[in-house]
Amino acid sequence: MVKAIGIYLGTTNSCVCAYQNGRSEVIANGFGIRTTPSCVAFGSQERFIGESAINQAAMNPKNTIRCAKRFIGRHIDDEEIKPILDKLPFKVASKDGNPVFQVDYLGEKKQYTPEEISAMILTSLKKTAEDYLGHEINDAVITVPAYFNNSQRQATIDAGKIAGLNVIRIINEPTAAAIAYGLSNSRDIDESILVYDFGGGTFDVTILKICNYEFNVLATGGDTNLGGEDIDSVILTYFIEEIKRLHGIDIKNNPKALRRLTSACERTKIFLSSTNEQKIEVISIVEGVDFISTLSVPKFNDLCDNIFKSTISTLEKTLKESRLDKNQIDKIILVGGSTRIPKIQKMVSEFFGGKDLEKTINPDEAVAYGASIQASILSNEFRVDRKITVHDVNPLSLGVKVYGGIMSTILEKNTILPNISKGNYTTVYDDQTSIKFSIYEGERKMITDNYLLGEFLLDGITPEPRRHADIQVTFDLCENGILKVEALDLKSKKSKNIKITNNKGRLSSDEIERMIEESERMKSEDEMQARKILAKNELEYSLLDIKKVEKRINTQIGYDNKKKSFISNTIKTTESVLRNFENYTKEYFEEKKADLDLLIKESEC
C-alpha cells in the first residue's frame, strides 16, 4: 500500500505521482489529464480548482488566481514580485507586509494567502491520488525550485500542512528530475549530468554526479522569477501594442480582454514549437473588434532573446561553480514545458558544442516521478538491491550581520545538506551584555542587498572590554533546507536559538491551524457543491428526455393542446432554472427532476 506520494507543485501546472508495484505512476485527474493547472477560481456560489478554474478564467479574471507559487514565502516589497503586480488581472493586497489575493466569494470580499491557494491545489492533488489508490494519503514529498530560499521552502511546508499533508521532505525539482532519469535506466550510471529546468514560473540549473545510485549535487543556480509565463508576457505586450496600432484601443485596463489575449498568447507559444508561423485570433476582443494576427518563429525568438540569453548566462555561472568543464558533462536533461521551445534546445546544445540533449524523460512529469521515488524511499517502500542516497545543496549562502552592515557568511552556497557550521563572534563595545543577531541569505557582501530571514537577541553576556567575549554561532541546516541558529556565550554559557520559520511576518502556528480548519470547511462546501452539480446534471438529462417527448407529441394528431402547452412551458421554466443554477439548491433540482420524470411517464401512457 502506498504510504507517501510525490507532488510537483508548479507555477503553471502541477502533477501527482505514486510509486507502487515496482514503478512510479503519474495519476491523471478527474478530467483524465496527467497534469493539473495550478489555478483556483472563486464564483458567487462555488470554488473551482484546476481545469474547471481555467475554463472560466476569461469570464471571471479578477477572481481567478494563477501563479501563486511566485508569491509564496515572499514579502510584498520584494523586488522579485514588484514587476509582475501591475500585469495581473486579479488584485494582490498587503496584509502584515505579506501578499494576499483579494477575491469576491460567496457574496463577500475575501483574502487568501499564497499558502492557502497552494493548499487548495495540493488538496485537489491529494484527493486525485486517494481516489486512484483507494485509501487515505497523509504523507508527501513536495518539490520546490532549487533556488527557493528558506522562507519559500517553509511556506511550501505550511501549504502542505494546511492541505492535510505531512511533508516528509522538500526536494529540489532538478534533483527530483535527476532521480527520475537515473532510475529510469536499467544500467548502472556513472555520469555527471546537468539539469536545465525551465518551467512556467521558475528557472533552475543543477549539476549532479550520479554514481552507483548515489546522487550528489555539485552546484545549483537559477531565478525564481523567470519562466514560461514571462515569455507569455513578452508576447502579450507585443500584441497589446499591435492592437493599439491597428485599432487605436488600449486593452491594458480591460481584465477580460487581457485574459482572453493571454490565453491566445499561451497557445501561440505552444504551437510555435512545432510550426514556423502561428495565427492568433480573438473574436470580439473588445467593443466588437476582432483581433487577427500572426507570429513567426523568427519574430518570437527575437522578442524572447533576452530571456533565452539570461538562462544561458545562469547555466555558465553554475557550471563554473561546479568546477567542471563543458566536456565533463555527460548528459543534459531538459525539464519543464518551456524546454520544448526549439530555440532554447538549440542554444543549450550549442553551448556544449552541439551535444545531443537527453529527451528520454517527460519534461512535464519527470519532477513528480522523482518525488514519488524519494517518497517511497523515505517511507521504506522502495525496493532495489542497492541503497539510494541523495545529497542536495543549499542554493544560497547563509550568514549574520556584523558591525558596519556587512554579511559574515557561516554556511557557503552549494554546501551539501544536512550541514552544521559554526562561526565565532565578539562584542564591539566595552561592557556589552547583549548582541542582536540578524540572519541573512544571499551572495552580496552588504546585508542591504541580501534577504533577512530572522533576528534574535542574546543577552546575559559577561561584561568585559570589547572584543574579549567569545560567542559561538551555529547554523544547522536540515535536508529540507530549513535553518536553525544558536548563539552561545562560551564564558557564561548563556544561549539563544531560533528556527527560521515565520520570518517577516509569515504564518504563525495559530494562523496555520485556522487555515487548516477553513480548508476542511471548504472541502465540505466543495462536496456539497459537487452533489448540487450532480443533481443539476441529472435534471439536464431529464430535460433532454422531455424535449424528445415534446418533439414526438408535436407530430401526433389529436394530442391534447393543453398538455402540449404545459410541457412547453415546463421546458422553458427548467431551462431558465439551469441557466441560473447558482441560485437554486440540490434539493430543488431533485424536486424538478422528479416532476419532469413524472411528466415523461404520463406522456408515454
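I take the expected span of a helix as 1.5 Å times one less than its number of residues. The model I am reading is predicted.

**Helix α5**

I checked the length of α5 first. For its twelve residues, the span at 1.5 Å a residue should be 16 Å, and the end C-alpha atoms lie 17 Å apart, which agrees. I then looked up burial, which here means under 20% relative accessible area. Eleven of the twelve residues of α5 are buried, so the rest of the structure largely encloses this helix. Among the buried residues I noted Glu173, Pro174, Thr175, Tyr181 and Gly182.

**α5 against α11**

I looked up how α5 (residues 173-184) meets α11 (residues 366-378): their axes come within 7 Å and cross at roughly 80°. Angles of 65 to 115 degrees count as roughly perpendicular, and α5 and α11 are therefore roughly perpendicular to each other. From α5, the contact uses Glu173, Ala176, Ala177, Ile179, Ala180 and Leu183; from α11, it uses Ala366, Val367, Tyr369, Gly370, Ala371 and Ile373. I sorted the residues of this contact into ten nonpolar, one polar and one charged.

**Helix α6**

I repeated the length check on α6 (residues 228-247). Its 20 residues reach 28 Å from first C-alpha to last, close to the 28 Å expected. Its buried residues include Gly228, Glu229, Asp230, Ile231, Asp232, Leu236, Phe239 and Ile243. I asked what covers the buried residues of α6. The cover includes strands β13, β16 and β17 and helices α7 (255-271), α8 (297-303) and α9 (305-322). Just after α6, I found Gly248 with a positive phi of about 65°.

**Hairpin β16-β17**

I followed β16 (residues 277-286) into β17 and found the two strands antiparallel, joined by seven bridges. One of the pairs I looked up sets Glu281 against Ile292 in β17. The two strands form a hairpin with two residues between them, and Glu287 in the turn has a positive phi of about 50°.

I then went along β17 (residues 289-296) side chain by side chain. Val289, Phe291, Ser293 and Leu295 point to one face and are buried.

**Open sheet**

I traced a five-stranded open sheet in the order β18-β13-β14-β15-β19, with mixed pairing. At its edges I noted β18 (331-335) and β19 (389-391), each pairing on one side only. From one strand to the next, the twist averages 25°. I looked up the pairing of β13 with β18, which is parallel over five bridges. Val195 stands opposite Ile333 of β18.

Conventions:
Residues numbered from 1 in each chain as written. Predicted model: local features only at pLDDT ≥ 70, side-chain atom pairs only at ≥ 80, totals over all residues. Heavy atoms only, no water. Axes fitted to C-alpha atoms, helices over the stretch in contact; angles between N-to-C directions. Helix = DSSP H or I, 4+ residues; strand = E, 2+ residues; numbered from the N terminus. Parallel < 35°, antiparallel > 145°, perpendicular 65-115°, else oblique. Contact = heavy atoms within 4.5 Å. Nonpolar A, V, L, I, M, F, W, Y, C, P; charged D, E, K, R; others polar. Buried < 20%, exposed > 50% of the residue type's maximum accessible area, 1.4 Å probe, protein only. Pairing = 2+ DSSP bridges.
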